[in-house]
Amino acid sequence: MYQFPLDKLSEIPTPYYYYDMALLRATLDAVNKEIKGFPFKVHYAIKANGNDVILREIASHGFGADLVSGGELVAALAAGFKAQDLAFSGVGKTDWEISLGVENDIFSFNVESVPELEVINEIAGGLRKKAGVVLRVNPDIDAHTHRYITTGTAHDKFGISLEMLPQVIQMAHNLPNIHLRGLHFHIGSQITMMRPYEMLCEKINELQDSLERIGVSLEIINVGGGLGVDYDAPDEHPLAGFTSYFNVFKRGLKLRQGQEVHFELGRSIMAQCGTLISRVVFVKSNRDKQFVILDAGMTDLIRPALYEAHHKIQNLTSSSPRRETYDVVGPVCESSDVFARDEVLPTTSRGDLIAIRSAGAYGESMSCRYNMRRLPQAHYSDAIAK
Ligand code: LLP
């Protein structure tokens, strides 16, 4: 079982995010080991966690970054990511965000539509620059993940459909201020089966063959992100299945001479490195239920409320040998502010310290101030160990 530095953690006012920087470094090293010797480049998806301490650590390991807003672009540059290692995704980039990307000579805009392509061309022309562009293709693959985080089917808002692609490629080639670098795919998030990625490789191979027949060659292929983590057993699986994941692409993609593959991983890099630490405010009983009411709520980790996600919950301080069943809830005035129903915990009392695990990705980055709550602070294992 994972050992939290309890004496230190119990002195810090709750709720807060606790980041295990040693695990983050081990994760980054594991990724770098998998891709060594292959023409692979990993861009960290900043949306998973844009905390500056985290970003600096990731940038220092040689990763690129995947951005979805001007704010993330500014944060990436400040953290030390190189402009040439930045890819800017998103269906609704605004003019100032495009200008900022063009001015900084980022590697690529991952373009999702014809109107976007035209606007980037126009803005780049005005700045007398050429913008690097990768076209996001909707490959129509169902990754069978939660309906809110599947992105690659024909019904989703993302990407350019396969039928339209040759025409859009032609158009990109003809626009004077666009440098078309390749294609981009992203099929969804929290994907734990490798089959959808194998299907993606097959789709990409077919597409490359058919594009080659019309004289199109690509510098890079960006296969997006989405690799899932084990939310039920973070201690048994602190690292995501990087070996199986990268093997799918090593074996499955038929790369052309000089071609690079780009990845955009968010969750699999950060999720297991973060824990939301909270205290029990009250334990109360209603007719046939017991509730553990925490000082952390959906404003600090929205995944259970928004996606019915379950994060492992641990009582770090109870020494009771008895097990009881509780609904673990937050203090926010919303009935969806529930972390878990019928959770079995050792007998829990007011003041106990509770860990909500795997909160490093889409925890802090999705936090908000609803109910005018204070945003939780972040604390880091490195600083705490000193
Ligand atoms: N690339 C693109 C184009 C994306 O849209 C995403 C995530 C990623 C990369 C990174 O995916 P990852 O490796 O983290 O799965 N808030 C949700 C997840 C939303 C993911 C959105 N796009 C959650 O907490 O489950």
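Author: A salt bridge is a side-chain nitrogen of Lys or Arg within 4 Å of a carboxyl oxygen of Asp or Glu. This is a predicted model, where local features need pLDDT of at least 70, side-chain atom pairs count only at pLDDT 80 or more, and totals for chains, interfaces and linings use all residues. Residues are numbered from 1 along each chain as its sequence is written, and side-chain values use heavy atoms, leaving out hydrogens and water.

Reader: Why is the contact of aspartate 235 with arginine 357 called a salt bridge?

Author: The closest N and O atoms of aspartate 235 and arginine 357 are 3.0 Å apart, and the cut-off is within 4 Å, so the pair qualifies. Aspartate 235 sits in the loop between β9 (220–222) and α9 (242–252), and arginine 357 in the loop between β16 (353–356) and β17 (377–380), so the bridge ties together parts 122 residues apart in sequence. Here, helices (H or I, at least four residues) and strands (E, at least two) are DSSP runs, numbered from the N terminus.

Reader: How do you know whether arginine 357 is buried or exposed?

Author: Buried means under 20% relative accessible area, exposed over 50%, and partly exposed in between (1.4 Å probe, protein chains only). Arginine 357 has 5%, so it is buried.

Reader: What makes arginine 195 and glutamate 202 a salt bridge?

Author: Their side chains meet at 3.6 Å, N to O. Arginine 195 is partly exposed at 41%, and glutamate 202 is partly exposed too, at 40%.

Reader: How many salt bridges does this rule give?

Author: The count comes to 22.
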